[in-house]
Amino acid sequence: MATQLKLGYRFHNDQLRQNALTHSSYANENREKGVRSNERLEFLGDAVLGFICAEYIYSHFRHMPEGELTKLRASIVCEKSLHEYAQRLNLGEHLLLGHGEESGGGRKRASVLADAVEAMLAAIYLDGGMEAAKGFILDYIKEKAETVSRTRHPLDYKTALQEIVQKNREETLTYRLKGESGPDHDKRFLIELLINSNVIAQGEGRSKKEAEQEAARQALELMGQ
């Protein structure tokens, strides 16, 4: 028995939902019944996904250059990420597949599931508009963006902050270790950020460098940057 499809959205037009779950192999086997595949929805969903992702990272990673934004977006909307999200939704268990695709393991194939996520996103967009589409995918985009950005360290908050502080030659920027915690294999560092000997922000991380970056990020937020 298939598990529940976890879309978090109720369709007004259920035909759109059904269409999003229809793989081309199933549509080809049932062409005489007028069954349509999800390929056109997938095309639209790819564009909707790209926009939602680009809008989010543009707004929330304000010090990231264009090249890094492009890399971050690519990591979020790649097949591997969408496959992971499809598994959370239990999407594979609800796909309509042709006999050959079914026997060939299509229900668990990454490319099939990733395409189905894009198709479902488009179906929700057509049924409920952009806000409904964001409700379906944005939390996952946020999660992946934070994970990827922490892993890659594409943002150099320290440099961005230093450039701002240097505009006023009377201001000095320093970082100071306030404390350490945890066992040696899982050490955490707490760093204070000071401007003219005044503590402006604090950052915590698994290394001093990571903690300094976090402190700089918080200082930039306080400055409205």
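Where does Asn-90 lie? In this predicted model, Asn-90 is found in the loop between helix 5 (79-89) and helix 6 (99-103). The domain assignment divides the chain into domain 1 (14-152) and domain 2 (157-223). The centres of domain 1 and domain 2, taken over C-alpha atoms, are separated by 38 Å.

**Residues with positive phi**

- Most residues other than glycine have a negative phi.
- Asn-90 is not a glycine, yet its phi is positive, at about 60°.
- Asn-90 counts as buried because its relative accessible area is 15%, and the cut-off for buried is under 20%.
- Asn-196 is likewise a residue other than glycine with a positive phi, in this case near 55°.
- Asn-196 has a relative accessible area of 34% and is therefore partly exposed, a class that lies between the limits of 20% and 50%.

- Strand 2 (residues 188-195) and strand 3 (residues 198-205) run antiparallel and are joined by seven bridges.
- Within this pairing, Leu-190 stands opposite Glu-204 of strand 3.
- Two residues lie between the strands of the hairpin.

- Glu-143 belongs to helix 8 (residues 130-152).
- The relative accessibility of Glu-143 is 34%, so this residue counts as partly exposed.
- The side chain of Glu-143 makes a polar contact with the side chain of Arg-88, at 2.5 Å.
- Glu-143 and Ile-76 are 67 residues apart along the chain, while their C-alpha atoms are separated by 9.3 Å.

**The second largest pocket**

- The volume of the second largest pocket is about 190 Å³.
- Its lining consists of Leu-16, Asn-19, Arg-36, Ser-37, Glu-39, Arg-40, Leu-41, Phe-43, Leu-44 and Leu-126.
- The elements that give two or more residues to this lining are helix 1 (14-20) and helix 3 (39-60).
- Helix 3 gives the most to the lining of this pocket, with five residues.
- By residue class, the lining of the second largest pocket has five nonpolar, three charged and two polar residues.

Key. Residues are numbered from 1 along each chain as its sequence is written. This is a predicted model: local features need pLDDT of at least 70, side-chain atom pairs count only at pLDDT 80 or more; totals for chains, interfaces and linings use all residues. Side-chain values use heavy atoms; hydrogens and water are left out. On a 1 Å grid over the protein atoms alone, a cavity is a set of points where a 1.4 Å probe fits but cannot get out, and a pocket is an open set with protein on both sides within 12 Å along at least five of seven lines; lining residues have an atom within 4 Å of a point. Grid points are joined across faces, edges and corners, and a volume is the space filled by probe spheres set on the points. Helices (H or I, at least four residues) and strands (E, at least two) are DSSP runs, numbered from the N terminus. Ala, Val, Leu, Ile, Met, Phe, Trp, Tyr, Cys and Pro count as nonpolar, Asp, Glu, Lys and Arg as charged, and the others, Gly among them, as polar. Two strands pair if DSSP finds at least two bridges between them. Domain bounds come from an automatic or database domain assignment. Buried means under 20% relative accessible area, exposed over 50%, partly exposed in between (1.4 Å probe, protein chains only). A polar contact is a pair of N or O atoms within 3.5 Å; within protein, one must be able to donate a hydrogen and the other to accept it, and residues adjacent in sequence count only if both atoms are side-chain atoms.
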